[in-house]
Amino acid sequence: PVPHHAIEEAIEKPPSPVRYFTLVGCLLGAVTGLTLTIATSLYYPLITWGKPIVSIPPFLVIVFELTILLGGLLTLGGMLFNARLPKVNIGPAYNPRFSEDQFGLWVRCEQKDHETVMTMLRNAGAEEIVPAGRD
């Protein structure tokens, strides 16, 4: 609940993998736009004044729009996928006190290390220790 900028600087975060979703979405949108417009023009040819049936400049509007659309949608999907959202159940680690004014620590350990971890937490000055399965 209290910001500490030294912790943020100490943690080195890797680059987000969401950018790859964006790249795939943009490339897929561009290819889809070109395929859609060229195939439509070839399947339903409308010859006017001797202009070519497949003319790239007017098709670029559709290509651009589909690039932005699919890039944005896959970015949103990649963000939700990497954040593992939506999370239906919050799980046993959530306690409303930790959202207000206290810090909480969730420790997962083997059954054989249970007493050692409990002793370490007591020696470190933990206010309350709640074993798994209890609230």
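## Loops, helix contact and a pocket in a predicted model

Trp 49 is exposed, because its relative accessibility of 86% is over the 50% cut-off. In this predicted model, Trp 49 belongs to the loop between H2 and H3. Its phi is near 55 degrees, a positive value in a residue other than glycine.

Arg 84 also has a phi near 55 degrees, again positive and again in a residue that is not glycine. Arg 84 sits in the loop between H3 and H4. With a relative accessible area of 68%, Arg 84 is exposed. The loop between H3 and helix H4 (114–123) also contains Pro 86. The peptide bond that joins Leu 85 and Pro 86 is cis, with omega at about -5 degrees.

### The contact of H2 with H3

Helix H2 covers residues 18–43 and helix H3 residues 56–82; their axes come within 6 Å and cross at roughly 150 degrees. The crossing of the two helices is right-handed. Of the residues in the contact of H2 with H3, 18 are nonpolar and 12 polar, and no charged residue takes part.

Leu 36 is placed in helix H2. Its C-alpha atom is separated by 8.8 Å from that of Ile 62, a residue 26 positions away along the chain. Leu 36 counts as partly exposed because its relative accessibility, 48%, falls between the cut-offs of 20% and 50%.

### The second largest pocket

The second largest pocket holds about 170 Å³ of space. Its lining includes Ser 41, Tyr 44, Pro 45, Leu 46 and Thr 48. Also in the lining are Lys 51, Pro 52, Ile 53, Ser 55, Pro 58 and Phe 59. Sorted by class, the lining residues are 7 nonpolar, 3 polar and 1 charged.

### Cysteines and accessibility

How many disulfides does the structure hold? The count is 0. Cys 26 is partly exposed, at a relative accessible area of 26%. Cys 109 is likewise partly exposed, with 36% relative accessibility.

The table collects accessibility values for residues named above.

| Residue | Relative accessibility | Class |
|---|---|---|
| Trp 49 | 86% | exposed |
| Arg 84 | 68% | exposed |
| Leu 36 | 48% | partly exposed |
| Cys 109 | 36% | partly exposed |
| Cys 26 | 26% | partly exposed |

Note on methods. Residues numbered from 1 in each chain as written. Predicted model: local features only at pLDDT ≥ 70, side-chain atom pairs only at ≥ 80, totals over all residues. Heavy atoms only, no water. Axes fitted to C-alpha atoms, helices over the stretch in contact; angles between N-to-C directions. Helix = DSSP H or I, 4+ residues; strand = E, 2+ residues; numbered from the N terminus. Left-handed = near helix turned anticlockwise from the far one by under 90°. Nonpolar A, V, L, I, M, F, W, Y, C, P; charged D, E, K, R; others polar. 1 Å grid on protein atoms, 1.4 Å probe; cavity = no way out; pocket = protein on both sides within 12 Å on 5 of 7 lines; lining within 4 Å. Points joined across faces, edges and corners; volume = space filled by probe spheres on them. Buried < 20%, exposed > 50% of the residue type's maximum accessible area, 1.4 Å probe, protein only. Disulfide = S-S within 2.5 Å.
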